[in-house]
There are 2 protein chains.
Amino acid sequence: MVNFLPMRSPLSKRQNAEFSSEIKMKIFEDIPDMQKFAESVRKSGKRIGLVPTMGYLHEGHLSLIRNIRKSCDVVVVSVFVNPTQFGIGEDLNKYPRDFKRDQELCRKENVDIVFYPEVPKMYPEGYDTYITVEKFSGIMCGVSRPTHFQGVTTVVAKLFNIVKPHIAIFGEKDYQQAIIIKKMVQDLNFDIVIETSPIIRESDGLALSSRNKYLNKNDRKNAVLLYQSLQHAKKLFQKGERDILIIKQEMAKMILQIPNARIDYIEIVAPDTLRSPDQIQERAVAAVAVFIGKTRLIDNLLLEQ
Amino acid sequence: MVNFLPMRSPLSKRQNAEFSSEIKMKIFEDIPDMQKFAESVRKSGKRIGLVPTMGYLHEGHLSLIRNIRKSCDVVVVSVFVNPTQFGIGEDLNKYPRDFKRDQELCRKENVDIVFYPEVPKMYPEGYDTYITVEKFSGIMCGVSRPTHFQGVTTVVAKLFNIVKPHIAIFGEKDYQQAIIIKKMVQDLNFDIVIETSPIIRESDGLALSSRNKYLNKNDRKNAVLLYQSLQHAKKLFQKGERDILIIKQEMAKMILQIPNARIDYIEIVAPDTLRSPDQIQERAVAAVAVFIGKTRLIDNLLLEQ
C-alpha cells in the first residue's frame, strides 16, 4: 500500500511514472517469500505467467515477456544462472551477468515480479535431487553436454514449485530444451501450460543469445553462416530434397567456411519426437550447434513447404 | 447435488447413512478431473491432505487417514500400485489388490476423495521422466532394490502435482522412504508439509504390511522375531551399548532363528541423514529388511534413552 506523504515535494510526471513503476515491480530473493506471494495471487483467482531466464536479458527474453502477458495477469521473470546445467569446463563463471540492467529492462516491460535467488538458496549444501527426461536428453545437445538437460529440468521444476505459474514460456532457440520441458510437464503432471515463442534475430539473421557477447568482431560476422546454413536447408527442402544426409552435408560445407568453427552437431529431426529419420516426411526441424573458437552457438529452423 | 426422488421408498436409517456417505465420497479416476477439483478446493481456502497408498488398506493406512484429518479440511487417499517402484522379479503382479474393500474402508473413515488412476493414465506409452534423490537412494533398501526409490519419488511427485495437497503423510514403517520424500520435497521446493505417522503393529508386535498376507501360518508366527530383534537392540542401547557391530550381530542371531530367513540388511543409522557411524551418538534408528521365504519384510525402531 502506498502511504500518502504530505511533506514530499510533488514529483514531475516522468519521475512519478518511474516512482509508481518502481513501487509496482517486486523483487523476491527468498524462496518462501516468492511462494507465499504466488499462493496469494493464485487464491485471488489471478493467473501467473513465468519467464525463466539466466538474466543478461536481450530482445529474445523481452519478446517472451510480451507474449506471456497476453495470457496471464501477473508476469514473473526469474533471473538465475543455474550452475547444474553447466558442465565441467563450461562457461558458468564467465557467463555474463548484469542484474541492474535486467531489473531496468523488466521494469520497462512492466514485469510484476522478478525472482532473483542466490545459488546457495536454490542448491543448499547436501542438495541431492535431480529430474531426468531420459531419452530426449541423450541426443543433440545432450551428446556433448551430458548433464545439461538434467540441470535444466531440475531447476525448471524447482521454479515451477516456487513461482506456481499457470503458464510458462520458453524460447524456440533452445528447441530441444522446450521439447524436454514439455515432456517433463506432461510426464510429471505439472498443471502448467507451456508456451514457446519464436527466435528473435539480429538484422543479419544471427539468433539472439547472451553468449553472442563472447564473439569478437570477425567471429560475430562469420556467425551468421549458422542461420544461412539453416535457410539453405529450408530451400533445399522446399525444392523437394528429402534426404537428410544430403541436406546435412550442404549445411556443414557452409558452416565450415568459418575458419575457427567446429561443428558440435547438425541434426534434422521430427519436430515433436526429436527422432531422426532417413527421409524427411511432412516437416522437420534443422538444428545446429557450432563452436566458433570457444563460443558454442545453437540455432534451428523449421523445414516446411 | 442430491435430487429429491418422490417415488423412491424411504430408506431405512442405516441405508440412509450409507446412501449419504456414498454421495459424499468422490472417486476420481482421471488426472484432469482430480486436478480441477484440487484447484477449486485450494481456491476456496480449504486445505488438502494426501495419503498416498498402494491400496489393500490396513490399520496402518487408517491411522494415517485419522492423523492427517487433524491438519486439513479435505482428505484425499490415492490408491495406486505403482509399477515403477517394483524391480524385475519383484511382486508387482501378485501384490494384493481389493479396491472394493479399500473404498469401503475409506468411506467408513469419512475420506473425502479417493484418487484411483489406472496404470496407463499415470505412465502412458513413451513415459520418460524420473526423479532421483541420489545419495539417500543407494543405501539400505536401495542396495537390493536399486530402482525402487526412483519409482517412489517419481510417483509421489506426480501425485503431488495431481492432488495439489498442502500436507501429505507417510508411515514410519517405510522409514527410508519417508526420509527420501522429505529430502525431495525440500530439494525441489514442493510447498507441501510432510508428516509421518508411527508404525501400527499386530498384538504380537509384527508391523502391519499388505505383504504380511503372503506369509503362511508358520512364517507369520516367526515374523515377530524382526520386531523382537529391534526391541532387543533398543534394550542393548539403553543398557549403554554404543557399538553398532555388536548390536547388529545380536539382532542377526535372533532373526536367523527363523529357518527360512535371509537377511537383506540390518542397519543402525542416524535418524535424519541415514548415515551409519561406528558408534551411536544420541539416537539412532535400527532398521531391518528380511526375506522370509519369498516375502520381504521391513521394520524399524528408534533407539533412544
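## Interfaces between chains and between domains

Strand S5 (residues 129-133) of chain A pairs with S5(B) in the antiparallel sense, over five bridges. Within this pairing, Val133(A) stands opposite Thr129(B) in S5(B). The model is predicted.

In one salt bridge between side chains, Arg42(B) meets Glu39(A) at 2.9 Å, N to O. The polar contacts between chain B and chain A come to 26 residue pairs, both residues being at pLDDT 80 or more.

A second interface lies inside chain A. The domain assignment divides chain A into domain 1 (13-197) and domain 2 (210-303). Their contact takes 21 residues from domain 1 of chain A and 17 residues from domain 2 of chain A. The centres of these two domains, taken over C-alpha atoms, are 27 Å apart. Of the area that domain 1 of chain A buries against domain 2 of chain A, 33% is supplied by Met140(A), Lys173(A) and Tyr175(A), more than by any other three residues.

| Interface | Buried area | Share on carbon and sulfur atoms |
|---|---|---|
| Chain B and chain A | about 2,700 Å² | 39% |
| Domain 1 of chain A and domain 2 of chain A | about 1,800 Å² | 57% |

One salt bridge is counted between domain 1 of chain A and domain 2 of chain A. The side chains of Arg211(A) and Asp91(A) form a salt bridge at 2.7 Å, N to O. Seven residue pairs, both at pLDDT 80 or more, are in polar contact across the interface of domain 1 of chain A and domain 2 of chain A. Helix H6 (141-144) and helix H8 (175-187) of chain A each give at least two residues to the side of domain 1 of chain A that touches domain 2 of chain A. The largest share of that side, three residues, is from H8(A). The residues on that side of domain 1 of chain A are 10 nonpolar, five polar and six charged.

Definitions and conventions:
Residues numbered from 1 in each chain as written. Chains lettered and ligands numbered in written order. Predicted model: local features only at pLDDT ≥ 70, side-chain atom pairs only at ≥ 80, totals over all residues. Heavy atoms only, no water. Domains from an automatic or database assignment. Contact = heavy atoms within 4.5 Å. Buried area = accessible area lost by both parts, 1.4 Å probe. Salt bridge = Lys/Arg side-chain N within 4 Å of Asp/Glu carboxyl O. Polar contact = N/O pair within 3.5 Å; in protein donor to acceptor, adjacent residues only side chain to side chain. Helix = DSSP H or I, 4+ residues; strand = E, 2+ residues; numbered from the N terminus. Nonpolar A, V, L, I, M, F, W, Y, C, P; charged D, E, K, R; others polar. Pairing = 2+ DSSP bridges.
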